[in-house]
Each structure stands twice: as structure tokens, then as C-alpha cells.
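Q: Can we go through the aromatic rings in this one? Keep it quick, please.
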Amino acid sequence: MAERTYLQAISDGLRQEMRLDPRVFVLGEDVGVYGGAFKVTDGFQAEFGPWRVLDMPLSETAIVAGATGAALMGMRPVAEMQFADFVSCAWDHLVTVAAKQHYRAGTPIPIVLRLPSGGGFSGGPFHSQNPESLFAHIPGLKVVCPATPEDAKGLLVTAIEDANPVLFFEHKHLYRRIKGEVPDERYSTPFGKARIHREGDDIVVVTWGAMVYTAADAAEIVAAEGISVEVLDLRTLIPWDREAVLESARRTSKVLVLHEDTRTGGFGAEIAATVAEEAFEYLDGPVKRIAAPDSPVPFSPPLEAAYLPQIDDVVAGLRELAAY
Amino acid sequence: MATGTQIEVVMPQMGVSVSEGTVTKWLKQPGDTIARDEALLEISTDKVDTEIPSPGDGVVGELLVAEGETVEVGTLLATILPVGAVAMEAPPAPAPVAAPVALAAEPVAVAPEPPIGVAPEQPAAVPVAADAASGNGRTFVSPVVARIAAEHGVDPNAVTGTGTGGRVTKKDILAHIESGATAPPAPAPAALAAPPAPAPAAPTPVAAQPAAPPAPAPVAPPAAPLQTGEVEEPMSAMRRGVMEHMRRSLDTSAHVSSAIEVDMSRIVAARAQLKKEYQASYGVNPTYLSFIAKATVETLQDYKWVNAEIRGEKVITRPWVNLGIAVSLEDGKGLIVPVIKNAQDLNLLGIARAITDLAARARTKKLLPDDVQGGTFTITNPGGFGTFHGTPIISQPQVGILGTYALVKRPWVVQDELGQDVIAIRPLMNITLTYDHRLVDGAYSGGFLRDLRTRLEGWEQAD
């Protein structure tokens, strides 16, 4: 057990799998000599050599298509997008080929796409998005959004072991800000099991990724006012832990869904709809969503702060629900 | 209403926790004319048996539920057609009837203010659904509050709301139920009603899972075939209520019975003195039961725990006594326990009158749901048949029931004026207290019986 940052935990998990399984290799832009845009694969090429840590041309299409082909040939590629936003360039290979190959031809595509995502550092519209809901909508893909170092490592191991294409959304805001105890040994964290980040009785906030911390800070503020808030970290969106969400919804009777992605068609809508369908008779208030507005992510720091859900926004939402 | 001139009679909701009723007898048949408020049928629910009056004048149309059939509250029972109606939709144009306007208008006028028996404007399960339409924030009821209200038989409008615009929140209604502020949620004192789930010890589990269903029906063994001579008949709603309640009470309380012998000489004398006056002046018979009830209410004031209730791990006591009087119906058809509310406020005459009234209404099926709710202690009086001892079953959620038995003349050792023991002939009565040993201990119950006896043996008629 050692204290590791979120970024170190991902790096550790990847290195561990590469040492364990010769089929696992890394490909992406600047992942080799440079060690990756965020230095997740720093030192990997020295340890594993240039054929297991491939610097790729500036083409996400080539990266995802190459990973898909390698997976078809029995490999376990872990492809890095420098920013999650650019995965859209590889949409066709990912959605048309990788997601459907097993259904169509019976051949699994065990690839992992590491997708640094999220805003909060003035990255603007091409370097700040959280496009998880786009892929959650595609049958055949799995979507993972870890919030803690321990989960980041354990979920990456599960992602690499999984026989399906897995989109691994790493939140850039958490990379070096979040530290936590991470087991040294190999372990895997199951998909589809939510984690109660904070216990509470009056309202449950269902969220994932960096918003887990925003929710927890807001919960701390309203706790002083006697409002007991549970923060449920979904960890993975596909599959998502419906049972845990419904259990918390039935127990607390008030649900706030929080995500950094834009509001319309965001994954929060799926959660809210499921709660309304399955736990209607247990609700004591409307299912509330807090999300980014339906707009590209602004560059300007004050505008971006207004755009991203902030602690104060969540506090206001919690107060409103508590008073309802 | 689409039909306009037709009145629908539905199974009424006889008390908040009642969900079904049995049609026991049709008093009118199709084609019979019926006046508004004239009795149309008799129904039996697990709380009360009662007559259902016609909600308007007309001719009885179809009877849609057979006698003996049990249907849910709100089920259409019958239709009342306007007098002379053949086709239900007479054209608005002039008709060859003397007063077509009046005829058509009358049933329509009746419909907007339906008395008992007409479709209530709200469904049974969610008693407030209709109110929500008023758009008033006070009466909006969220799904979870509606569900809890239905499960516990609570009217959300009776709960103080702390939500937006005074809305009743889940916390409000759970606190309301927890506090026991409402009589209905406690299992009905009539020893009859199918009880709501026990009051939750903590609010959380209620939300986490639906409250326990009211005692799952035990799986019945396969019915044995009828032997020659055996007769099978369906069990009435009341019988089923009694059956369920008796079993549940024994499963709930730790029943212990104590008996005491009471020399009723002074009561006999007081009654003889009052009887004529009470009957002449008030039309009330001062029964022995009235005296015992009066003395019991006074004694309960000193023994709060006999008049108490166990709610979760809390003991609930109260300064008032709502005294249940067990009344058996004719032919062993059932048992009902109407309640004298605030019996501590009544003198002997008041109690005698209340007992007479409740017993008469119980036997003529005129009791209202409220009459059988909220009891805190019960007296049962099987002594009329000469029995001298018994061990009654407590009416949940009470913790005590007093049994009174036959008044018999017995040789009794008393002291004469010189302090010598002599044998005298005295009217003696056995009185039992059956108590819930979870709350009431032997010494406490003994003190209660002793003080009750002291009151009866030393009776001094004040009024």
C-alpha cells in the first residue's frame, strides 16, 4: 500500500499488466519517447521497448483501427488518445467496427482506449469535453469513469481483461490533485458496482469522475445545515449499477444526478428516467439534474467556471431538494 | 358523467384502512323504485357492517355484485336509473312526458353531491389524488408520501407539512406515524381490522423496502373434501378480520390473566336505586357494566401503563381513556368493539348512555368507522351467559382487557359490627384483567385489580 496520485495509479496498473501479460501493449501519440502527453507512460518504452510502446502518427483513426486489428489477432492493446475529444476522429472504427465485431462475426475486440477527459483548466472546446454519454449509447462498448486512484488502477486492470472495447475516461483534473492509498499488488475492480463515496440519508447524489469531489464538498457544506447527503460514485456507466442507484433512491426518496457532460442527452438523463420508472413510488421530490449547459466548453476561465457545475451549484440544488 | 341521468353506486370506503367490503344483502331488486337515502343494500367490511342508502331517487337498474361477494372499495355495485327511464339517453328535444325537464334534471342534480355509496371522487389507495388537482401546494402529495399514507391509513392532509408551500414530505409523514399522532394507523382497536404494518422503529427501512405486507396469508393445507353432512360457507369479512386479529394479538402480546372477586353489594343497591330514575328520565338502563366501566376508567387514571401502548421500543401513555366495549353480534356472526371516546369525561349516566347507544348501533349496523377506532383499553362482558372466568385476548395495540363475569350470590365471609367473622350471602362477581406482560407486571396489575375492587365495593353514588 502506498500513496499514489490518480495518474500514478493508472501508470502502475498499466505497467503491472504489461509485465504480466505479453499481449498487452501501448499505442498512441507521443506515448513512447516522450512518455505521453500527461506522462502516464513515462519510462515505459525504456522498460518494454519500442514494439510494445508504439509512437503512432497523428491519426486517431489509425490508432483505433490498428488497435482493433491487433485485438483481432489476439493482442490486448491499450490505446491512448491525447485528449478524449479526439476519439471522435476514430468514431467509425470504434462504433462501426469494434463495437459490433463480436455481434457480427463472433470475434471479440479486447481493446482499451485511455481517454483523458474533463475540463477545469481553460482547455477550451477541443480539450475539455466529457463525451461518455455518446459511447454509452453504443451497444457493444463499455464506459468506465474512475474517480479515485484505487479505482483507476483496479478498473484499468478489469478493462484490459475485458473482452470488449472499453472506453477508459481518465479525468485530467484528478491526475495530480487526487492522491490515495493504492494497493501495490495486482487487483481488479469489477465493472457495474457503484461505490458509496459518502453516506447520507436525505438525498443521494449520483455522479462519477471529478464530480464525485464536487458533490462531496457540497455535501459537507449542507451537512452543517442538517441535510444528510449520500454521494454515490457510479465508477462505470456501461454497465451501470442500477440496483445501487435504485436502492439509494428508495432509501432517500430524493435524487440529484450530477455530471460534467452537457445536459441534454447526458447519461444523467438515463439515470433520472430509470429512477422515475423503477422507484417512482418512493420519490418525495423531482429527480434533479445538474450538468453543464448545452454549449461547447469555453476557454475563458470565468466562463468555464460558470459552465462547469461548481460546488455552489450543487449546494443550491441540494438545498432546493431538501426544502421541497 | 357520460350517462348523465344514471347514478352509480359504488362500494364506499368505510374507514381509511378499509380496502374492500362484502355485499351481504340487497334490499332492493332491479326495477324497484327507490327514494334518496332509502336503504339499498347491506355491506360488511372488516370494520363495520352497515346499510348503504340510495344516493338519489329512481329505479334500481342493474345489481352488479352478488350477495356474499367481496369487492374492492370503489367497485361499481349498482346503477339507479331515473324514474320512467327506459332508454337511458332521452333526446333533449320535447318528449311526450309531462315534465321531462324536471325528470331529467333531478338525477343530474343529485349526482354532484353524492352521499355515502356514490363513487368518491378519489380512489381508495391514494386518498388525496383528487385534492392534488386543486393546485394548492399544501395538498400536493408526492409518490412516496401517497404510498406511505396508503400503507398506514393516514390522511396526508392531517399531517403538518414542512416542505415547499407546506407540502407534506416523507419525513413529515414518517414523523407523524412515528409519533402516533394519528389513531387510524394503529391497528384498529375493533379487534377486527386488518392492521397496517407495525409502526416502523426507524424511518429508513420503510423507504428502503415496502412495508411488510399485513401478515402474509399462511399457506393453507389442501382442503379436505366435504364429508356427508358437512356444510361449507364463505367466511365474512368481519370473521376474517377477527381471525387475523386474534392470531396476531396472541403472537404479539405476552398474555397473562389475573382474577379478583368483588362483592357487588353496593353496586346492586346503587343500581336498584338509580334504575327507575335513569329509565324514566333518560331512557337509559344503568347496567352493572356501566358501573364497572366507570370504576375502571377512574382506576386507569392511576395505572397509566394499563391504558398504554407499546410502540417500537417506546411506551406511550395518555391522560384520556378511550374505552372499548366488546359487543357480540347475533348468531355468533362476529364481534365488534365500539369505543367510548374520552370516557374519563363522563359520569355514570354518560357512560351508561354511551354503552347503550354503541351496543344498539353495533347490532343494527349503524356504527361509523370512527366508532371503532382509537381505543386505549377494552372491557368484555361474557358474564351474561353465567360464565365465571375467562382469559380474553387483548385488542391490539392495547395492553389490557378487563373481563367481567356472572354476578352470583355466594356465601361470603364478612365481619359483623363486632368484628366477628360471619357468613353472609353476597352478590359476587369475578373480574379478570388480562394484560400484556411485556409492559405490565404482576404486581402492577394486582394493584389495578385491588383498587378497582375497592372502588366497586365502596361505591358511593354521587350523582
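This is a predicted model: local features need pLDDT of at least 70, side-chain atom pairs count only at pLDDT 80 or more; totals for chains, interfaces and linings use all residues.
Q: How many aromatic pairs are there over all chains?
A: The count is 13 aromatic pairs over all chains. Rings of Phe, Tyr and Trp (its six-membered ring) pair if their centres lie within 6.5 Å; planes under 30 degrees apart are stacked, over 60 edge-to-face, the rest tilted.
Q: Why is the pair of Phe38(A) and Phe83(A) edge-to-face?
A: Their planes stand at 75 degrees, so the pair is edge-to-face, with centres 5.5 Å apart. Phe38(A) lies in the loop between β2 (24-28) and α2 (44-48) of chain A, and Phe83(A) in the loop between β4 (76-80) and α4 (91-105), so the pair ties together parts 45 residues apart in sequence. Helices (H or I, at least four residues) and strands (E, at least two) are DSSP runs, numbered from the N terminus.
Q: What about Phe38(A) and Tyr175(A)?
A: That pair is tilted, 5.1 Å centre to centre with 50 degrees between the planes.
Q: Is Tyr175(A) buried or exposed?
A: Tyr175(A) is buried, at 2% relative accessibility. Buried means under 20% relative accessible area, exposed over 50%, partly exposed in between (1.4 Å probe, protein chains only). Phe38(A) is buried too, at 17%.
Q: New topic. Which charged end sits over the ring of Tyr282(A)?
A: That of Arg147(B), 3.9 Å from the ring centre. The rule: NZ of Lys or CZ of Arg within 6 Å of the ring centre and within 35 degrees of the ring normal.

Note on methods: Residues are numbered from 1 along each chain as its sequence is written. Chains are lettered from A and ligands numbered from 1 in the order in which they are written. Side-chain values use heavy atoms; hydrogens and water are left out.
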